[in-house]
Amino acid sequence: MAELFQKAVAFSTASKIYRFPECDVIRICKLGEKVLREKAEPIEKLTDEIKMLIDDMFEAMIDANGVGLAAPQVGKKLRLFVAVADDDVKRVFINPQIVSTSEEVGDYEEGCLSIPGVYETIRRPVRVTVQALDENAKPFTLEADGLLARIIQHETDHLNGVLFIDRGDPEFAEKTKAQFKQREEKAAKRRAEKELKKKRITAKIAAKEAKKSAFH
């Protein structure tokens, strides 16, 4: 716990500030986006922006019918995740560390808001002990089992660039990645076509305006 207390002090003294652009709707990143494969960085200071991010993450998670959401899933490389397990308690985990896991393991079907529509049975320890800071930068230790233990492991994986499909059948993982890559390529093509159409319309309007000006 000593390290967590040191981090708690750092929240009040660190000079590094994270700022996020204001937006009405927070977007959940999907499989194939680089940020989901990068290791998140420890949070050094609890700023108003991060408090707002936490609120936005809860809103996005609940709106998407999820039970957990990590900062990298919304494009932020920060060691932070939020969770609401079957006890309906909102929990915030800042700079979490899983310090122990049970020898007993269990199988459970998992999904992910970053890989919508995909589910796979994943084997994980059934109990974990985690140390973290809460939304007020206070250190805590939590022993969890059941759904909460699984959420903690799943979301901590996100902070290390690991997705649940990485812990399942390799063939299934590759197939899923290929499907999402193809889906993104089609979406990118549609976006490019839409942008090209927009540019053509803008060019036509500009040409008409230039023609009008030439007669004056």
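Which residues does UniProt list for "binding site"? The unreviewed entry lists C112, H154 and H158. UniProt positions follow the numbering used here, feature names are shortened, and annotations may be inferred rather than shown by experiment. This is a predicted model: local features need pLDDT of at least 70, side-chain atom pairs count only at pLDDT 80 or more, and totals for chains, interfaces and linings use all residues. Residues are numbered from 1 along each chain as its sequence is written, and side-chain values use heavy atoms, leaving out hydrogens and water.

View 1. The lining of the largest pocket includes C112, H154 and H158. A pocket is an open set of points on a 1 Å grid over the protein atoms alone, where a 1.4 Å probe fits, with protein on both sides within 12 Å along at least five of seven lines; lining residues have an atom within 4 Å of a point.

**View 2. The largest pocket.** Its space is about 390 Å³, a volume filled by probe spheres set on the grid points, which are joined across faces, edges and corners. Of its 23 lining residues, V67, E110, G111, C112 and H154 are the closest to the centre. Helix α3 gives the largest share of the lining, six residues. Helices (H or I, at least four residues) and strands (E, at least two) are DSSP runs, numbered from the N terminus.

**View 3. C112 in its loop.** C112 sits between β4 (105-110) and β5 (120-125). C112 is buried, at 11% relative accessible area. Buried means under 20% (1.4 Å probe, protein chains only). Beyond residues up to four places away in sequence, C112 touches Q73, V118, H154, H158 and F164. Contact means heavy atoms within 4.5 Å.

**View 4. H154 in helix α3.** The helix covers residues 146-159. H154 is buried, with a relative accessible area of 8%. Its side chain makes a polar contact with the side chain of E110, at 2.8 Å. A polar contact is a pair of N or O atoms within 3.5 Å; within protein, one must be able to donate a hydrogen and the other to accept it, and residues adjacent in sequence count only if both atoms are side-chain atoms.

Technical notes:
Buried means under 20% relative accessible area, exposed over 50%, partly exposed in between (1.4 Å probe, protein chains only).
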